[in-house]
Amino acid sequence: MTTLAIDIGGTKLAAARVDRDLQIRERRELPTPASKTPDALRAALQTLIEPLQAQAERVAIASTGIIREGTLLAINPLNLGGLMHFPLVQTLRELTGLPTMAVNDAQAAAWAEYHVMADEISDMVFITVSTGVGGGVVSNGKLLTGAGGLAGHLGHTLADPNGPVCGCGRTGCVEAIASGRGIAAAAQGDLAGCDARTVFTRAVQGHKQATRLIAHSAQVLARLIADVKASTDCQCVVVGGSVGLAQGYLTQVHTLLAQEPSVYHVPLRTAHYRHDAGLLGAALLAQGELS
Ligand code: ADP
Ligand code: BMX
Ligand code: ZN
């Protein structure tokens with residue numbers, strides 16, 4: 001019983017064969033094609049899955065964006081280029097001939113992380129700080145997707161009314177400041193043009209602007225988590241994504257959250273499944289839906 005799980009992010013594509021007991025047997029990664037055209041994505045997905053699909057019985061996709069009737073929609077089209085309306089489920093069905101389902105990446109990751117703690121916890125929130133900032137909410141043991149798949153898009157809540165314009169059209173979203181793209185966009189002077197990974201490396205070396213950019217991201221994330229606690233009364237917030245998982249980041253968020261009034265405090269955890277939470281959550285959801 002093997003699932004071919006695929007994770008489509010704004011920066012990277014990942015795929016793995018996942019067993020029924022959630023063990024990853026083989027995993028591959030490719031950059032999300034820079035041109036972000038439908039043809040380039042289809043070709044990249046084909047290359048990615050070809051060596052993995054032989055024994056698979058179904059396909060489970062976790063993807064950035066809102067997934068509506070198997071099609072990819074963006075709340076932040078800047079993260080997706082020309083991929084708006086990409087027929088995700090249809091494309092993977094054609095490429096593999098297998099039953100296929102798709103879900104938002106952060107919602108999928110929330111489900112995997114909830115699975116790890118379901119014995120002790122009924123209400124939790126997952127936040128990915130990656131190319132964008134995504135979220136998934138589990139309330140009373142149920143994953144919230146909302147009427148149209150938008151539930152949990154925490155990156156598009158307000159951080160600063162005087163902040164940068166977000167790709168979604170609003171001004172000052174959490175994502176426009178705290179995400180990898182947000183950090184890179186704010187980099188100036190000798191950091192101009194650097195990606196978030198480089199900004200983190202420079203901060204470790206003591207670069208002042210790099211340190212400030214990361215501290216600003218962590219501050220925005222801590223305030224978001226206080227808002228999330230106020231709106232969901234969750235028992236735990238799990239943080240993932242390459243920025244969220246970066247050395248020292250969650251410690252900063254934790255310190256800043258501790259400065260908020262205690263009613264907004266909530267235990268913070270690093271994603272148990274690290275970079276694989278989206279893949280495994282999609283596989284888990286597919287086991288339920290496509291079995
Ligand atoms: P995706 O958004 O495609 O799911 P990631 O979770 O890897 O992919 O997030 C990509 C963002 O994380 C980019 O902005 C990238 O610069 C940044 N990033 C990647 N690796 C690191 C790292 N080791 N430390 C800090 N930031 C990183
Ligand atoms: C954006 C949005 C979310 C996604 C989040 C994290 C798009 C294309 N994506 O807020 O759906 O969950 O980014 O995505 O509108 P990632 O690419 O950083 O993993
Ligand atoms: Zn936004």
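Tutor: The largest nonpolar core has 40 residues, of which I127, I225, V237, Y249 and V253 touch the most other members. A nonpolar core here is a set of buried Ala, Val, Leu, Ile, Met, Phe, Trp, Tyr and Cys residues joined through side-chain atoms within 4.5 Å. Buried means under 20% relative accessible area, exposed over 50%, and partly exposed in between, with a 1.4 Å probe and protein chains only. Two or more residues come from each of strand 8 (124–129), strand 9 (133–139), helix 4 (174–178), helix 6 (196–204), helix 7 (208–232), strand 11 (236–240) and helix 9 (249–257). These elements are DSSP runs numbered from the N terminus, helices being H or I of at least four residues and strands E of at least two. Helix 7 gives the most to this core, 11 residues. Apart from this core lies another, of 34 residues, including A62, I121, V138 and L285.

The model is predicted: local features need pLDDT of at least 70, side-chain atom pairs count only at pLDDT 80 or more, and totals for chains, interfaces and linings use all residues. Residues are numbered from 1 along each chain as its sequence is written, chains are lettered from A and ligands numbered from 1 in the order in which they are written, and side-chain values use heavy atoms, with hydrogens and water left out.

Not counting residues up to four places away in sequence, V253 touches A218, L221, A222, I225 and L268, where contact means heavy atoms within 4.5 Å. Q209 is placed in helix 7. Q209 has a relative accessible area of 15% and is therefore buried. With neighbours within four places in sequence left aside, Q209 contacts A186, A187, Q188, D190 and L191.

C166 and C173 are both buried.

Ligand 1 is surrounded by 15 residues, the closest being T11, K12, T131, R197 and S242; a residue counts if one of its heavy atoms lies within 4 Å.
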